[in-house]
Amino acid sequence: MKKLFYPALFHVAEEGGFWVSFPDIPECLTQGDDMNQAYEMAVEALGLALTDREKEQQPLPTISAPSAITPEPDAFLVVIEFDMIAYKKRTNSRAVKKTLSIPEWLNEAAIAKNINFSQVLQEALLSKIQA
């Protein structure tokens with residue numbers, strides 16, 4: 001999965017800072033004390049919302065064109081860049097044991113070359129899911 005770009009509305013908060021909403025994901029809201037923190041929080045909130053939908057086997061929301069969104073007077077549009085694989089690496093890197101079968105000759109040849117089976121499998125899986 002490549003990067004996703006969801007439009008977000010940054011609303012000026014009365015008490016200072018910003019609160020952030022996503023037109024395509026109404027349940028996704030967050031806030032920050034300044035622009036940088038609000039953006040970082042928006043990326044995290046977007047990650048939580050999208051991974052929750054994925055876990056519940058719901059489709060990811062269709063991304064609206066930024067030109068189709070008209071911000072309210074106290075808000076402005078910011079497009080949030082989101083990388084699902086990077087987010088999952090950062091938030092869910094717990095190791096999971098897998099059992100697999102390979103031909104004996106391949107096993108012996110790999111052991112003779114000191115090949116790390118886990119590393120090779122991880123690299124192969126990443127190349128498959130990023131293709």
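This report describes the fold, dimensions, surface and aromatic contacts of one protein.

## Model and fold

The structure is a predicted model. The protein contains 4 helices and 4 strands. Their order along the sequence is β-β-β-α-β-α-α-α.

Contacts between residues at least 6 apart in sequence were also examined; in 59% of them, the two partners are at least 24 residues apart.

## Dimensions

The radius of gyration of the protein is 21 Å, whereas a compact globule of 131 residues would have a value near 14 Å. The C-alpha trace spans about 70 × 25 × 25 Å along its principal axes.

## Burial, surface and charge

Of the 131 residues in the protein, 29% are buried.

The protein carries 12 positive and 18 negative charges. The mean position of the positive charges lies 15 Å from that of the negative charges.

## Aromatic pairs

Across the whole structure, a search finds 4 aromatic pairs. One of them joins F82 and Y87, with 5.4 Å between the ring centres and 50° between the planes, a tilted arrangement. F82 has a relative accessible area of 1% and therefore counts as buried, because buried means under 20%. Y87 is likewise buried, with a relative accessible area of 5%.

Ring pairs also connect F10, F18 and F76 into a cluster.

Methods. Residues numbered from 1 in each chain as written. Predicted model: local features only at pLDDT ≥ 70, side-chain atom pairs only at ≥ 80, totals over all residues. Heavy atoms only, no water. Helix = DSSP H or I, 4+ residues; strand = E, 2+ residues; numbered from the N terminus. Rg over C-alpha atoms; globule rule 2.2 N^0.38 Å. Buried < 20%, exposed > 50% of the residue type's maximum accessible area, 1.4 Å probe, protein only. Contact = heavy atoms within 4.5 Å. Lys, Arg positive; Asp, Glu negative; His and termini not counted. Charge placed at Lys NZ, Arg CZ, Asp CG, Glu CD. Phe/Tyr/Trp six-rings, centres within 6.5 Å; stacked < 30°, edge-to-face > 60°.
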